[in-house]
Amino acid sequence: MKIYITFGFDHIHLVNEKILDKDTVAEIDCVDYKEGRKKAFKYFENRFATSYTKEHIDKLMHWFPNGIVKIEE
């Protein structure tokens, strides 16, 4: 499974030499939604906006011009 993380206007992160911000969606591989959220908190603490599943993020991608960035451990 994959979980997709979005960020607020003042949330800027550097993960694995990739910049993640309000215009970017982070993709995290996980076993289930709960594990995905746990990984999101590991990477971003509480500085992210929302988490989505694939079926939901596809409908929202027009809001994220920098696209999806895969986060790998």
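Are Phe 44 and Phe 48 buried or exposed? Both Phe 44 and Phe 48 are buried, where buried means under 20% relative accessible area, exposed over 50% and partly exposed in between (1.4 Å probe, protein chains only). The model is predicted, so that local features need pLDDT of at least 70 and side-chain atom pairs count only at pLDDT 80 or more, while totals for chains, interfaces and linings use all residues. Residues are numbered from 1 along each chain as its sequence is written, and side-chain values use heavy atoms, with hydrogens and water left out.

The structure contains 4 aromatic pairs. Rings of Phe, Tyr and Trp (its six-membered ring) pair if their centres lie within 6.5 Å; planes under 30 degrees apart count as stacked, over 60 as edge-to-face and the rest as tilted. Phe 7 and Phe 44 make an edge-to-face pair, with 5.0 Å from centre to centre and 80 degrees between the planes. This pair links distant parts of the chain, since Phe 7 is in the loop between E1 and E2 and Phe 44 is in helix H1 (residues 33–44), 37 residues apart. Helices (H or I, at least four residues) and strands (E, at least two) are DSSP runs, numbered from the N terminus. Phe 7 has 5% relative accessibility and therefore counts as buried; Phe 44 is buried at 1%. The rings of Phe 44 and Phe 48 are also edge-to-face, because their centres are 6.4 Å apart and their planes are at 65 degrees. One aromatic cluster is formed by Phe 7, Phe 41, Tyr 43, Phe 44 and Phe 48. Over the face of Tyr 43 lies Lys 42, at 5.2 Å from the ring centre; the criterion is NZ of Lys or CZ of Arg within 6 Å of the ring centre and within 35 degrees of the ring normal.

Strand E4 (residues 25–29) is largely enclosed by the rest of the structure, because 4 of its 5 residues are buried. E4 is joined to E1 by 4 bridges, and these two strands run antiparallel; two strands pair if DSSP finds at least two bridges between them. Ile 5 has Ala 26 in E4 as its bridge partner. Another 4 bridges join E4 to strand E6 (residues 68–71), in parallel, and Ile 28 has Ile 71 in E6 as its bridge partner.

Ile 12 lies in the loop between strand E1 (2–6) and strand E2 (13–15), and is exposed, with a relative accessible area of 60%.
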